[in-house]
Amino acid sequence: QVQLVESGGGLVQAGGSLRLSCAASRRTLINYVMGWFRQAPGKEREFVAVITWTGTYYADSVKGRFTISRDNAKNTVYLQMNSLKPEDTAVYHCAAAGRWSRNPDAYDYWGQGTQVTVSS
């Protein structure tokens, strides 16, 4: 089974930065599309970013501020978040899918999530 473990969340002021990490196996990083999603209380799970075998894709709301990357040597996918806004506050999850999609239903495996809180 694919296991994903997020870390790096916390409290930050608007305009600040955080880097989230998603630990996975090397085989997972090779064989799966890796995405980041977020979910605020009372809201649907929202696509944030994805890294595929051919490129990266971002939600319009985070484009230019967030960067998804992976380090296969460290078996880790990252989400670098800059210029954070209060509306970025959510639980952030990493997820693995067999194909690139913005739809969370396409993702078969999920981490436990890490809380990001951005104060104004």
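1. Strands S1 and S3. In this predicted model, strand S3, residues 18-23, is joined to S1 by three bridges, and the two strands run antiparallel. Within this pairing, Glu6 stands opposite Cys22 of S3.

2. The sheet that contains them. S1 and S3 belong to an open sheet of four strands, whose order is S1-S3-S8-S7 and whose pairing is antiparallel. Its edges are formed by strand S1 (5-7) and strand S7 (66-71), each of which pairs on one side only. From one strand to the next, the twist averages 20°.

3. The disulfide. The structure holds one disulfide. The bond joins Cys22 to Cys94, with an S to S distance of 2.1 Å. Cys22 is located in strand S3 and Cys94 in strand S9 (residues 90-97), so the pair ties together parts that are 72 residues apart in sequence. Because the torsion about the S-S bond of Cys22 and Cys94 is about 60°, the disulfide is right-handed.

4. Burial of the two cysteines. Are Cys22 and Cys94 buried or exposed? The cut-off for a buried residue is under 20% relative accessible area. Cys22 has 0% relative accessibility and therefore counts as buried. Cys94, at 1% relative accessibility, also counts as buried. The residue that stands opposite Glu6 is thus Cys22, a buried position that takes part in the disulfide with Cys94.

5. Strand S4 and its partners. S4 comprises residues 33-39 and is joined to S5 by five bridges, the two strands running antiparallel. S4 also pairs with S9 in the antiparallel sense, over seven bridges. Gly35 has a bridge partner in each of these strands: Val50 in S5 and Ala95 in S9. Strand S4 is mostly covered, as six of its seven residues are buried.

6. Strand S5 and strand S6. Strand S5 spans residues 46-51, and five of its six residues are buried, so this strand is largely enclosed by the rest of the structure. Besides its bridges to S4, S5 pairs with strand S6 (residues 56-58) in the antiparallel sense over three bridges. Tyr58 in S6 is the bridge partner of Ala49. The hairpin formed by S5 and S6 has four residues between the strands.

7. The S4-S5 hairpin. This hairpin has six residues between its strands, and Gly42 takes a positive phi near 80° there. Most residues other than glycine have a negative phi. The two residues in the next point are to be read against that background.

8. Which loop holds Asn75? Asn75 is found in the loop between S7 and strand S8 (76-81). Although Asn75 is not a glycine, its phi is positive, at about 55°. With a relative accessible area of 25%, Asn75 is partly exposed. Ser83 is another residue other than glycine with a positive phi, in this case near 50°. Ser83 has its place in the loop between S8 and S9 and is partly exposed, with a relative accessible area of 41%.

9. Helix H1. Thr28 is placed in helix H1, which covers residues 26-31. Its relative accessibility is 5%, so Thr28 counts as buried. Between the C-alpha atoms of Thr28 and Lys85 there is a separation of 31 Å, and the two residues are 57 residues apart along the chain.

10. The largest pocket. How much space lies in the largest pocket? The volume is about 150 Å³. Its lining residues are Arg38, Gln39, Ala40, Lys43, Glu44, Glu46, Ser61, Arg65, Glu87, Asp88, Thr89 and Ala90. By class, this lining has seven charged, three polar and two nonpolar residues.

Methods: Residues are numbered from 1 along each chain as its sequence is written. This is a predicted model: local features need pLDDT of at least 70, side-chain atom pairs count only at pLDDT 80 or more; totals for chains, interfaces and linings use all residues. Side-chain values use heavy atoms; hydrogens and water are left out. On a 1 Å grid over the protein atoms alone, a cavity is a set of points where a 1.4 Å probe fits but cannot get out, and a pocket is an open set with protein on both sides within 12 Å along at least five of seven lines; lining residues have an atom within 4 Å of a point. Grid points are joined across faces, edges and corners, and a volume is the space filled by probe spheres set on the points. Ala, Val, Leu, Ile, Met, Phe, Trp, Tyr, Cys and Pro count as nonpolar, Asp, Glu, Lys and Arg as charged, and the others, Gly among them, as polar. Two strands pair if DSSP finds at least two bridges between them. Axes are lines fitted to C-alpha atoms, for helices over the stretch in contact, and angles run from 0 to 180 degrees between N-to-C directions. A disulfide is a pair of cysteine sulfur atoms within 2.5 Å. Buried means under 20% relative accessible area, exposed over 50%, partly exposed in between (1.4 Å probe, protein chains only).
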